[in-house]
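Trainee: Could you take me through how the aromatic rings of a protein model are read, both against charged groups and against one another?

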Amino acid sequence: MKLAIALGVVSAAALTASTPAVARQGCGVGFHRAPNGRCVPNRGQRWVVGRYYPGRGYWYNNRWWRHRYRHQNEWRYR
């Protein structure tokens, strides 16, 4: 019984002492790997609905659209 309690205390101490790794894919804190393999900083990129982004188009409904036009006083994307 004493052995089981001691083993439980030691394992609980080991679990609380270990911390998860903060580094993402070997780049360090605050960085991540880009598709080309470089380490780039994390930025809070938020896409604005209806704003045109060169080379991408318009962001709407969780999707990129190339064109938009006005129809009955609202924007439609295609």
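Mentor: In this predicted model, the charged end of Arg68 lies over the ring of Trp75, at 3.8 Å from the ring centre. A further case is Arg63, whose charged end sits over the ring of Trp65, 3.9 Å from its centre.

Trainee: How many aromatic pairs does a search of the whole structure find?

Mentor: The search finds 8 aromatic pairs. One of them joins Trp47 and Tyr53, with 5.0 Å centre to centre and 85° between the planes; planes over 60 degrees apart count as edge-to-face, so this pair is read as edge-to-face.

Trainee: Are Trp47 and Tyr53 buried or exposed?

Mentor: Buried means under 20% relative accessible area, so Tyr53, at 13%, counts as buried, whereas Trp47, at 30%, counts as partly exposed. Ring pairs also link Trp47 and Tyr53 with Trp59 and Trp64 into a cluster.

Trainee: Which geometry does the pair of Tyr60 and Tyr77 have, and where in the chain do these residues lie?

Mentor: Planes under 30 degrees apart count as stacked, and Tyr60 and Tyr77 form a stacked pair, with 15° between the planes and 4.6 Å centre to centre. The pair links distant parts of the chain, since Tyr60 belongs to strand β4 (residues 57-60) and Tyr77 to strand β7 (residues 74-77), 17 residues apart.

Trainee: Why is Tyr77 classed as buried?

Mentor: Tyr77 is classed as buried because its relative accessible area is 13%, while Tyr60, at 36% relative accessibility, counts as partly exposed.

Methods
Residues are numbered from 1 along each chain as its sequence is written. This is a predicted model: local features need pLDDT of at least 70, side-chain atom pairs count only at pLDDT 80 or more; totals for chains, interfaces and linings use all residues. Side-chain values use heavy atoms; hydrogens and water are left out. Rings of Phe, Tyr and Trp (its six-membered ring) pair if their centres lie within 6.5 Å; planes under 30 degrees apart count as stacked, over 60 as edge-to-face and the rest as tilted. Buried means under 20% relative accessible area, exposed over 50%, partly exposed in between (1.4 Å probe, protein chains only). Helices (H or I, at least four residues) and strands (E, at least two) are DSSP runs, numbered from the N terminus. A charge sits over a ring if NZ of Lys or CZ of Arg is within 6 Å of the ring centre and within 35 degrees of the ring normal.
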